[in-house]
Amino acid sequence: MSTYNFAYLDEQTKRMIRRAILKAISIPGYQVPFASREMPMPYGWGTGGVQVTAAILGKQDVLKVIDQGADDTTNAVSIRKFFEKTAGVETTTHTAEATVIQTRHRIPEAALSEGQILVFQVPIPEPMRFLEPRETETRRMHALEEYGLMHVKLYEDIARHGHIATTYAYPVKVDGRYVMDPSPTPKFDNPRMDNCPALQLFGAGREKRIYAVPPYTSVKSLDFEDHPFERTRFSRPCALCAAEEVYLDEVVTDDRGGRMFVCSDTDNCENRRAAGHRGELLGETLVKQARDVRNGR
Amino acid sequence: MVAETPLLSVAGLTRYYGARVGCENVGFDLYEGEVLAVVGESGSGKSTLLSVLSTQLEPTGGSVQYRMRDGKMRDVFALGEAERRLLLRTDWGFVHQDASHGLRMSVSAGGNVGERLMAVGWRHYGNIRTEAGDWLKRVEIALDRMDDKPRQFSGGMRQRLQIARNLVTRPRLVFMDEPTGGLDVSVQARLLDLIRGLVADLGLAVVIVTHDLAVARLLSHRIMVMKGGTVIETGLTDQVLDDPREPYTQLLVSSVLQV
């Protein structure tokens with residue numbers, strides 16, 4: 001412990017990042033450049049998010065880290081351990097207990113509250129990048145609010161697929177001004193960014209940008225009048241906890257086309273099962289069904 | 001009468017590249033519906049002039065005044081950047097010699113035409129598509145190619161697509177830089193025919209840069225001959241081409257192959 005400064009980064013670096021964060025909060029959706037540091041992990045593993053978390057973390061904070069909604073996958077586990085080791089803060093998997101939640105893409109299903117901070121890991125912060133490769137040009141377009149190009153992307157989707165086929169990194173307009181890429185978050189979560197009581201911070205390590213959505217800020221998904229934004233819908237409930245209206249992951253279960261759909265938010269799924277909700281493929285449900293069948297015969 | 005004030009008024013326009021001359025002391029007035037051809041050999045300053053006129057390059061001296069839609073003459077270099085960019089994508093058009101500079105090659109033909117509409121606030125997919133389709137028809141691109149990318153188009157089609165993309169917001173002034181360059185003659189002829197029709201229908205003012213005197217004769221009302229960065233002769237197209245005064249213009253006219 002004594003070999004690291006609290007939360008790994010030195011205090012000067014944290015001050016620099018905090019200044020960028022303050023500026024980002026003052027101009028919702030605007031990408032603030034910052035002097036991103038080398039972190040002990042490869043780019044693409046959340047170097048931006050980790051730096052933001054390190055800069056805002058205090059000794060009293062309780063940290064939760066999720067990777068696609070799950071607390072128990074590699075990225076989540078290693079980042080959680082990283083802060084346990086370098087900051088010694090308390091960690092949790094329960095959304096309600098956490099004060100800082102670092103996420104790779106999902107927003108937890110449980111409603112967030114005031115005082116919580118959601119930190120997103122962002123690979124490519126510029127929403128117009130794939131249509132306009134010049135950074136000088138995209139900056140100018142942001143400055144002059146020239147966002148026609150963003151709709152060209154959606155137009156292309158409809159022309160090719162008959163509907164807006166962008167399902168993640170779906171562009172949004174923040175506070176009626178800046179168009180923002182909500183990191184590769186599934187568009188399912190876009191409506192939950194709108195008017196959210198928690199502070200949302202976005203860190204892109206390789207691209208050296210920080211942006212933010214302050215609490216209770218409007219976040220509107222871009223769309224056409226005759227092709228309005230639609231949230232992803234699932235035709236079935238979670239196979240383990242029977243939750244509806246949640247984001248589901250597809251899990252392949254065998255090599256004969258078998259698959260199950262389960263909550264991507266593991267914390268939410270565990271809580272529901274603990275509260276007695278039973279999905280159709282939950283182990284004990286299957287065992288019970290098998291027992292009933294055997295006894296019935 | 002509105003038509004009595006020019007649409008574009010250029011005076012003393014000069015651009016130096018360090019000590020070298022790009023163009024020097026160019027002045028002309030362009031009225032609505034008028035086509036002005038700028039001719040001259042390579043290196044005569046035609047393209048520099050066009051870049052300065054279309055605000056891609058800052059002039060070293062001189063002024064470019066444009067009559068905005070509200071009827072007021074404004075110096076285009078005194079406009080704010082937002083205003084100037086709005087002007088460029090609504091009231092002006094620019095047709096590049098190389099279509100890949102004027103098009104988004106990875107976006108479908110419909111998207112290319114629709115971009116300017118979306119940029120000025122169109123947010124109804126159906127309307128954008130109908131309007132883009134209308135323009136593709138006007139430039140003779142079949143509707144079943146609407147969702148293909150310009151990469152899959154021939155050179156002539158790309159050039160026509162570029163024209164549709166520029167005209168969709170009904171600009172009043174279009175700059176063209178060798179629009180027929182690099183196309184074979186039959187395709188050139190059809191393209192020229194199309195441009196001539198559109199210019200007449202829409203009452204466009206056009207500044208067209210070309211080294212091809214046949215293009216100038218077919219399209220333009222007036223002609224400006226440039227040499228070494230300066231204008232050496234101006235006049236009505238048929239007058240200049242049939243009865244050239246300057247020795248250089250005479251040389252230029254007599255250099256055209258007669259078949």
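The model is predicted, so here is how to read it: local features need pLDDT of at least 70, side-chain atom pairs count only at pLDDT 80 or more, and totals for chains, interfaces and linings use all residues. Residues are numbered from 1 along each chain as its sequence is written, while chains are lettered from A and ligands numbered from 1 in the order in which they are written. Helices (H or I, at least four residues) and strands (E, at least two) are DSSP runs, numbered from the N terminus.

**Strand 4 of chain A**

- Let's start with strand 4 of chain A, residues 100-104, where five of the five residues are buried. (Buried means 20 or more other C-beta atoms within 10 Å of a residue's own, exposed means 12 or fewer, and partly exposed is in between; C-beta atoms are placed from the backbone.)
- In a regular strand the side chains alternate between the two faces of the sheet.
- Here both faces are covered: A:Val100, A:Gln102 and A:Arg104 are buried on one side, and A:Ile101 and A:Thr103 are buried on the other.
- Strand 2 of chain A (residues 62-67) runs parallel to strand 4 of chain A, and five bridges join them; two strands pair if DSSP finds at least two bridges between them.
- A:Asp67 sits opposite A:Arg104 of strand 4.
- Strand 5 of chain A (residues 117-121) also pairs with strand 4 of chain A in the parallel sense, over four bridges, and in strand 5 A:Ile117 is the bridge partner of A:Val100.

**A three-strand sheet in chain A**

- Chain A also has an open sheet of three strands in the order 7-6-10, with antiparallel pairing.
- Its edge strands are strand 7 (178-180) and strand 10 (219-221) of chain A, each pairing on one side only.
- Strand 6 of chain A (residues 172-174) and strand 7 of chain A share three bridges, and A:Lys173 has A:Val179 in strand 7 as its bridge partner.

**Helix 7 of chain A**

- Helix 7 of chain A covers residues 266-274, and its buried residues include A:Thr266, A:Cys269 and A:Arg272.
- Strand 12 of chain A (259-263) is part of what covers those buried residues.
- Just after helix 7 of chain A, A:Gly276 takes a positive phi of about 100°.

**A glycine in chain B**

- B:Gly235 belongs to strand 10 of chain B, residues 230-236.
- Why does B:Gly235 count as partly exposed? Because B:Gly235 has 16 C-beta neighbours inside 10 Å.
- B:Gly235 touches B:Arg222, B:Ile223 and B:Val240, leaving out residues up to four places away in sequence. (Two residues are in contact if their C-beta atoms, placed from the backbone, lie within 7 Å.)
- B:Arg222 is 13 residues from B:Gly235 along the chain, yet their C-alpha atoms are separated by 5.7 Å.

**Two domains in chain B**

- Chain B splits into domain 1 (1-91 + 171-259) and domain 2 (102-170), with bounds from an automatic or database domain assignment.
- The domain centres, taken over C-alpha atoms, are 25 Å apart.
- Across the boundary, 13 residues of domain 1 of chain B are in contact with 14 residues of domain 2 of chain B.
- On the domain 1 side, helix 7 of chain B (185-202) provides the largest share, six residues.

**Where the chains meet**
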